[in-house]
Amino acid sequence: MEATLQNLIKALTEGDTIVYPTETLYALGCDATKEAACNKVIEIKDRPKAKPLPLIIGGVDMLGLVTDDRPQVLQELASSFWPGPLSILVKALPELPASLSDDDGFTSVRWSGHPFAAELSRRLRKPIVSTSANLSGKPPVAHPEDLDSRLLDLAGAAYFDPPWPKGGKPSTVIRILSFNRLEVLREGAVSVKMLCDKGFSVTL
């Protein structure tokens with residue numbers, strides 16, 4: 001694991017793209033602070049440029065690399081569901097690439113529940129782009145043998161060793177509306193019921 005981890009960190013540092021496992025699905029990513037690398041991810045996937053790239057981090061202490069906003073509800077959500085498949089919209093730092101944010105300046109971030117993905121971000125000391133490792137219009141995958149060979153040829157490096165992603169639904173994406181009120185933009189591995197059970201008011 002260590003040698004491969006170092007190879008991926010080298011690729012990320014050099015502005016290349018990588019394929020790696022997350023807790024839900026395989027991801028295509030890059031150093032999220034490098035605009036040219038983010039553009040490579042978009043180009044490889046043929047992803048709409050207006051669709052912001054999601055991020056992962058390796059711990060709550062890394063949130064400051066993504067946003068200056070720390071509302072109490074964000075801390076409560078992180079305490080309840082991180083590390084894990086809950087992506088939360090936060091106001092992105094202005095110095096981050098524009099491709100990470102929507103028109104209002106928000107990007108989605110989660111502390112990945114996959115040990116390799118989280119360690120990768122921690123070793124790099126930066127957030128990592130984490131969009132599903134599939135060409136646009138094709139289904140996401142959870143097993144290395146299902147990864148598209150064309151995508152792998154275009155990526156700079158890839159990690160195939162277990163633990164593999166669990167598969168199933170992708171991460172749930174939410175927006176914080178106000179104190180204790182959330183909007184679910186995409187219901188995924190964290191269900192609306194799970195959010196409600198933690199005392200949050202949910203709008204679909």
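Which exposed residues does the face of α2 turned away from its buried side carry? They are E35, A36 and E43, where exposed means over 50% relative accessible area, buried under 20% and partly exposed anything in between (1.4 Å probe, protein chains only). The model is a predicted one, in which local features need pLDDT of at least 70 and side-chain atom pairs count only at pLDDT 80 or more, while totals for chains, interfaces and linings use all residues. Residues are numbered from 1 along each chain as its sequence is written, and side-chain values use heavy atoms, with hydrogens and water left out.

Now for the other side of that helix. In α2, which takes in residues 35–45, the buried set is A37, C38, V41, I42, I44 and K45. They sit on the same side of α2 because they cover an arc of only 165 degrees around the axis, going by the directions from the helix axis to the C-beta atoms. The cover over these residues includes β2 (26–29), β6 (128–129), β7 (131–132) and α5 (149–154), with contact taken as heavy atoms within 4.5 Å.

I42 counts as buried, at 6% relative accessibility, whereas N39 is partly exposed, with a relative accessible area of 38%. From the C-alpha atom of S136, that of I42 is separated by 9.5 Å and that of N39 by 15 Å. Neighbours within four places in sequence aside, I42 is in contact with R47, K49, L53 and S99.

Just after α2 comes D46, with a positive phi of about 60 degrees although D46 is not a glycine. D46 belongs to the loop between α2 and β3 and is exposed, at 61% relative accessible area. Most residues other than glycine have a negative phi, and most peptide bonds are trans. The bond from W82 to P83 is cis, with omega near -5 degrees, and P83 is in the loop between α3 and β4. Another cis bond joins P162 and P163, with omega about 5 degrees.

Finally, the largest pocket. A pocket is an open set of points on a 1 Å grid over the protein atoms alone, where a 1.4 Å probe fits and protein lies on both sides within 12 Å along at least five of seven lines; lining residues have an atom within 4 Å of a point. The largest pocket is lined by 31 residues, with R47, K51, P54, V173 and R186 nearest its centre. The largest share of this lining, four residues, comes from β5.

Conventions:
Helices (H or I, at least four residues) and strands (E, at least two) are DSSP runs, numbered from the N terminus.
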